[in-house]
Amino acid sequence: MSGTPPARPADAQLQALLQRGFDALGKGDTETAGQCCQQALERQPDLVAAHFLVGLVALEAKERRTAFNAYQSVVKLDRDHAAAWAQLARLYMSEGQVNLADAALRETRRIKPADPVVLDLIATTLSLMGEHGAAQAFFAHANTLQPGHPPFMLNLANNLVYHGDTDKADTIFRDIIRRQPDSPQAHWALASSTRARDEEHIEAMQALLGRHRENPRARAFYLYAIGKEQEDLQQWDAAFAAFSAGAAARRATVEYDEAAEEAMFAALAELYTPGWLAAQTAGNPDRSPIFVLGQPRTGTTLVERIISSHSRVHSAGELQQFGLALRRLANYQDPRRFSAELFHSARGLDPRQVGNLYLQTSSRMRGTTPHFVDKLPQNYLLIPLILAALPNAKIVHLVRNPMDACFASFKQLFADAYLHSYEQGEMARHHVRYQRLMALWRERFPGRIFDMVYEDTARDLEPNARALIDHLELPWEDACLAFHQQDTAVTTASAVQVREPAHTRSIDRWRRYADHLQPMRSILDAAGMLPAS
């Protein structure tokens, strides 16, 4: 639960009703909490705490519109309600409305909250904005005001990992585990940020795993963490068993609609032709955006770091802004981020309006350099729309061996993206659709996509980096070879690895698990996606 405790209404019965609602929400009983809200508001429609509780219940139920309305009601009734402003800031930011999010954050700064829950929420929103330095200060302040609180500690430690301070982060992860031994996320974060040297942590996690037979989300954290450390120790079969069990546990918690994805890819192929692009009116001529895209875990972060080591380029992180510009201009309300319906609607949008809105809403994250990198992998779906809206933008696409690409995703626990990656067949079929779509884009829009081969770049960095910088029409700078020395934040699963120089350890990693990956391999092979052995 996020926010300040409810202000005490004068009516003792109302006070008891609200407290019952907050207590119910704390136990995950949203139905009872919602009933308490409703009863309280029937008795006193302007009761601020009841509106705030409505927002919390709506967030828990993933009813975003209701949450928006509730928090807006709160700040209308009480302009100094910092927790509601902080919740609004996060909601606005999650929908790409950066200016509104920033305005809500300004209200929190005006109020100067001292509630650690609110400070932690502000920091989370700043992280979404890519302002990780400012976020760290708020996370640290929350921890100072309420020391030893594991959720605040975890957020601060994750921020430190992004900044490359893994030693300090590991100390915090271990402190969380000392205070709260059964903390799945902390164990997973610790395993992800450091290399295992022995089986001590694995054995501790295996003992804790038994407590969560009915909690697939917790099991997924532990199993992926166990698999990662077993892989560190080169226990390949045991590691695969853990990854596979972790993927199955995670798959049980997500709703992946493969038929809808198939329909979306078919719509893209049908709608976005060279004729469509030729018929578009002029987009925004801005030359600053550089899109680095492809599949996750294929080297997008490596290439983004090479580019953003250049003095004329800023790393804006994984921006949602282009897709969100399409949603807003098309008035697309479906909660799915991408769908066939979105692309049918987006086909008729004014390209200049799309480009303008993208640049406007990403202005806070793009820095002050002449160019910025948007490293959202899924932007590969949007390539024709990018070409129309931003005709002078550069597009860099990462190419990696399909088996390594698919397995790298399969063994990674993501937040709320890449729902196809938790079952071998679904992962492989998705990859086939992606490969065929990229082949179609290359055929239809020749010369507009620069393919960067991960294996070639890892094996021989300098000539590949030079070719990349040349394609971007930038003068060469030697700093592009020292990308691992950057001290800027990395907000991806590669946050630890990218602090190292380029290496080849991940090339052909899938072969260690070849006996276990036949379902994935057979689908890719049948589709003609695998290189000759």
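Modeller: First a definition: on a 1 Å grid over the protein atoms alone, a pocket is an open set of points with protein on both sides within 12 Å along at least five of seven lines, and lining residues have an atom within 4 Å of a point. This is a predicted model, where local features need pLDDT of at least 70, side-chain atom pairs count only at pLDDT 80 or more, and totals for linings use all residues. Residues are numbered from 1 along each chain, and side-chain values use heavy atoms, without hydrogens and water.

Colleague: Which residues line the second largest pocket?

Modeller: The lining consists of Arg174, Ile177, Leu190, Thr194, Arg195, Ala196, Arg197, Asp198, Glu200, His201, Ala204 and Glu229. Helix 12 gives the largest share, three residues.

Colleague: Why is helix 8 called roughly antiparallel to helix 9?

Modeller: The axes of helix 8 (residues 132-145) and helix 9 (residues 150-162) cross at roughly 150 degrees and come within 9 Å. Angles over 145 degrees count as roughly antiparallel, so helix 8 is roughly antiparallel to helix 9.

Colleague: Which residues of helix 8 make the contact?

Modeller: Contact means heavy atoms within 4.5 Å. On helix 8, His132, Ala135, Gln136, Phe139, Ala140, Ala142 and Asn143 take part, and the partners on helix 9 include Phe152 and Tyr162. The residues of this contact divide into nine nonpolar, five polar and no charged.

Terms used. Axes are lines fitted to C-alpha atoms, for helices over the stretch in contact, and angles run from 0 to 180 degrees between N-to-C directions. Helices (H or I, at least four residues) and strands (E, at least two) are DSSP runs, numbered from the N terminus. Angles under 35 degrees count as roughly parallel, over 145 as roughly antiparallel, 65 to 115 as roughly perpendicular and the rest as oblique. Ala, Val, Leu, Ile, Met, Phe, Trp, Tyr, Cys and Pro count as nonpolar, Asp, Glu, Lys and Arg as charged, and the others, Gly among them, as polar. On a 1 Å grid over the protein atoms alone, a cavity is a set of points where a 1.4 Å probe fits but cannot get out, and a pocket is an open set with protein on both sides within 12 Å along at least five of seven lines; lining residues have an atom within 4 Å of a point.
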